[in-house]
Amino acid sequence: GHATFETICTSLPQFAEPVLLSETNNLLSHRCLMLQDKKLKITETGRATLEQYRVKCAVILAAGFGSRMLPATENSPRPMVTVNGTSFIETQIDALLRAGITDITVVRGHKAEKFDALRAKYPTVVYRENTEYTTRNNIVSGYIAREKLNRAYLLEGDVFISNPLVIRPFEYRSHYCGVAVEATDDWHFQLLNGQITGLKQGSDQPSNQYIGISFWTSGYARML
């Protein structure tokens, strides 16, 4: 049933951070959460409220040549390169399906026919063709699937997902995924007060390296 602010403080000390405690109490007061046996559980009201934040679909950008991974990509698209018997793109599709995201579009180009090997395992995946992949890459690939960018994950096809929990069934705002590093020669975020103000390549300072996964609401997709 409903719990008070004091109940949470007493029973759930791990929620003692002021902001988290306030948000938790707010969810309890709106019957989205309930306290049962000293554990927080989501209610049917909470589940209904969450639905507006459900991720609808995903687009995997898989058209590029993958020159940085030669010779492995000479006869295979980079997303189909395997690590311990599992390809990059399989880890992505498996993570998406685990999160309940079944509307998946792959935009392919280099060695496009190689992706047909996935059809038996993933029969619901849809494929689009980027015929300009030799001169234009991710921007064109994203544009080809632009109508899908509405509460959608956008993934670069060469990301190997070792922890499927990075793909979540619910997201609350547009964002990029990154990891803190001491230095990088790859793309990284520039931040100001917790907000992304730029994306640049290479840094010899501690930064947040972009890892090729982002989430887009329709509003931000239209701006793109």
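The model is predicted, so local features require pLDDT of at least 70 and side-chain atom pairs count only at pLDDT 80 or more, while totals for chains, interfaces and linings use all residues. Residues are numbered from 1 along each chain as its sequence is written, and side-chain values use heavy atoms, with hydrogens and water left out.

**Helix α4 and the cores**

Begin by selecting residues 88-98, helix α4. Helices (H or I, at least four residues) and strands (E, at least two) are DSSP runs, numbered from the N terminus. Of the 11 residues in α4, 8 are buried; buried means under 20% relative accessible area, exposed over 50%, and partly exposed in between (1.4 Å probe, protein chains only). Colour the buried set: Phe-88, Ile-89, Glu-90, Thr-91, Gln-92, Ile-93, Ala-95 and Leu-96. Next, display the strands against which these residues pack, namely β3 (57-62), β4 (82-83), β5 (86-87), β6 (104-108) and β8 (152-156); contact here means heavy atoms within 4.5 Å. Just after the helix, Gly-100 has a positive phi of about 85 degrees.

Now select Ile-60, Leu-96, Tyr-153, Leu-155 and Ile-167, which touch the most other members of the largest nonpolar core, a set of 26 residues. Two or more residues of this core come from each of β3, α4, β6, β8 and β12 (207-216), and α4 gives the most, with 4 residues. A second, separate core has 9 residues, among them Cys-57, Leu-61, Ala-145 and Leu-149. A nonpolar core is a set of buried Ala, Val, Leu, Ile, Met, Phe, Trp, Tyr and Cys residues joined through side-chain atoms within 4.5 Å.

Select residues 184-192 (β10) and 195-203 (β11), which pair in the antiparallel sense over 7 bridges; strands pair if DSSP finds at least two bridges between them. His-188 has Lys-200 of β11 as its bridge partner. The two strands form a hairpin with 2 residues between them, and Asn-193 in the turn has a positive phi of about 55 degrees.

Then show the surface of Tyr-176, Trp-187, Leu-191, Ile-196 and Leu-199, which make a nonpolar patch of about 430 Å². Both β10 and β11 give two or more residues to the patch. Tyr-176 lies in strand β9 (residues 175-181) and is partly exposed, at 33% relative accessibility. Patches consist of residues with over 30% relative accessible area and no salt bridge, with like charges joined within 9 Å and nonpolar side chains (Val, Leu, Ile, Met, Phe, Trp, Tyr) within 5 Å. Accessible areas come from the Shrake-Rupley method with a 1.4 Å probe; for residues, only the protein chains shown count as cover.

**Salt bridges**

The structure holds 10 salt bridges, each a side-chain nitrogen of Lys or Arg within 4 Å of a carboxyl oxygen of Asp or Glu. Select Arg-78 and Asp-158, whose closest N and O atoms are 3.2 Å apart. Arg-78 lies in the loop between β3 and β4 and Asp-158 in the loop between β8 and β9, so the pair ties together parts 80 residues apart in sequence. Arg-78 is buried, with a relative accessible area of 16%.

Move to Glu-147 and Arg-128, which form a salt bridge at 2.4 Å, N to O. Glu-147 is in the loop between α5 (138-144) and β8, and Arg-128 is in strand β7 (residues 126-129).

Finally, select Arg-108, Asp-116, Arg-119 and Glu-129, which are linked in a network of salt bridges.
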